[in-house]
Amino acid sequence: MKKLFLSLCLVAGTFVSCTQQSPRTENTVRVMSYNIRNGVGLDNVVNYQRIADVIKELSPDAVALQELDSVTNRSNHTDVLACLADLTNMYAVYGASIPYDGGKYGIGVLSKMRPLAWSRIPLPGREEARSLLMVEFPEYVFCCTHFSLNEEDRLTSVTLIDEAVKTYHARKPVFLAGDLNATPHSPEMKAFGKNWKILNDTRQSTFPADRPDRTIDYLLGYLPGGHVYSVRQTHVLPEPKASDHRPLYADVRLKAAKDRMLRTQACSQSPAP
């Protein structure tokens with residue numbers, strides 16, 4: 001039975017129970033992105049607990065969440081991100097993109113570590129305004145976004161994001177996570193290719209959750225400044241019901257500072273017994 005279980009884990013490498021157990025080395029950051037559809041599953045049931053369970057099972061250092069109501073009539077005046085923060089015991093930063101139904105609607109970041117600072121940058125959206133949420137931590141910057149449905153807006157957003165993160169490029173690695181509403185070979189993703197490295201496996205589709213046939217959700221690392229992003233593992237989780245998107249994550253090993261590099265003692269080539 002044990003051999004069978006291990007075989008299933010190897011074959012279905014994206015299962016949470018297998019990936020969550022993978023070893024995480026020092027200087028490795030686990031980043032995650034999840035468009036949660038405001039907690040409404042494909043069964044049309046609002047269930048924040050099952051979204052929180054996915055996050056807790058993976059235990060990311062930071063997760064970017066899209067499609068979040070804040071005290072709207074639609075969500076029965078629930079602050080969805082605050083609710084998820086309570087359920088996962090994580091810090092929360094919310095970025096409202098538009099006023100909506102008596103409250104707000106936007107994106108958010110949950111993190112294990114308390115943020116040092118955060119800012120929201122408005123992005124274009126012809127159907128609705130969009131945002132970039134930039135959250136700074138001691139060793140990296142984590143950004144969340146949800147792009148427009150319009151291609152021209154998305155291309156403009158790439159330029160605006162490149163400009164927004166310039167202030168960090170020489171100091172800290174910068175991650176970008178979110179629903180970009182663009183496929184891997186789109187003009188928008190080619191534009192990102194000038195300054196960013198895609199960290200997730202784009203062959204693993206993220207949408208729609210029940211039968212995914214395309215990748216529109218991403219994790220990226222900003223390259224200017226000499227930052228290196230070594231991906232130890234990345235997966236799209238086979239969660240078919242909690243939202244209309246599937247969650248994805250990556251374990252990324254950052255370039256270590258010189259004072260944290262491993263140094264060994266000198267030794268003889270022929271040591272005594």
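Q: What makes the neighbours of Ile161 count as touching?
A: Contact means heavy atoms within 4.5 Å. By that rule, and leaving out residues up to four places away in sequence, Ile161 touches Leu123, Leu132, Phe147, Leu176, Phe192 and Trp196. Bear in mind that this is a predicted model, where local features need pLDDT of at least 70, side-chain atom pairs count only at pLDDT 80 or more, and totals for chains, interfaces and linings use all residues. Residues are numbered from 1 along each chain as its sequence is written, and side-chain values use heavy atoms, with hydrogens and water left out.

Q: Which residues of the largest nonpolar core touch the most other members, and what is such a core?
A: A nonpolar core is a set of buried Ala, Val, Leu, Ile, Met, Phe, Trp, Tyr and Cys residues joined through side-chain atoms within 4.5 Å; buried means under 20% relative accessible area with a 1.4 Å probe, protein chains only. Of the 45 residues in the largest one, Phe142, Ile161, Phe175, Phe192 and Trp196 touch the most other members. A second, separate core has 22 residues, including Met32 and Leu84.

Q: Why is strand S12 called largely enclosed?
A: Strands are DSSP runs of E with at least two residues, helices runs of H or I with at least four, both numbered from the N terminus. In S12 (residues 248-254), 6 of the 7 residues are buried, so the rest of the structure largely encloses this strand.

Q: How do you know that S12 pairs with S1 and S11?
A: Two strands pair if DSSP finds at least two bridges between them. S1 (residues 28-35) and S12 are antiparallel over 6 bridges, with Met32 opposite Tyr249. S11 (residues 229-236) also runs antiparallel to S12, joined by 7 bridges, and Ser230 has Arg253 as its bridge partner.

Q: What makes S5 and S9 edge strands?
A: The open sheet of 6 strands has the order S5-S6-S7-S8-S10-S9, with mixed pairing. S5 (117-123) and S9 (196-198) each pair on one side only.

Q: How do you know that the buried residues of H4 are on the same side?
A: In H4 (residues 80-88), the buried residues are Val80, Leu81, Leu84, Ala85 and Thr88. They cover an arc of only 140° around the axis, which puts them on the same side of H4; the arc is that of the directions from the helix axis to the C-beta atoms. Their cover includes helix H3 (48-58) and strand S2 (62-70).

Methods:
Buried means under 20% relative accessible area, exposed over 50%, partly exposed in between (1.4 Å probe, protein chains only).
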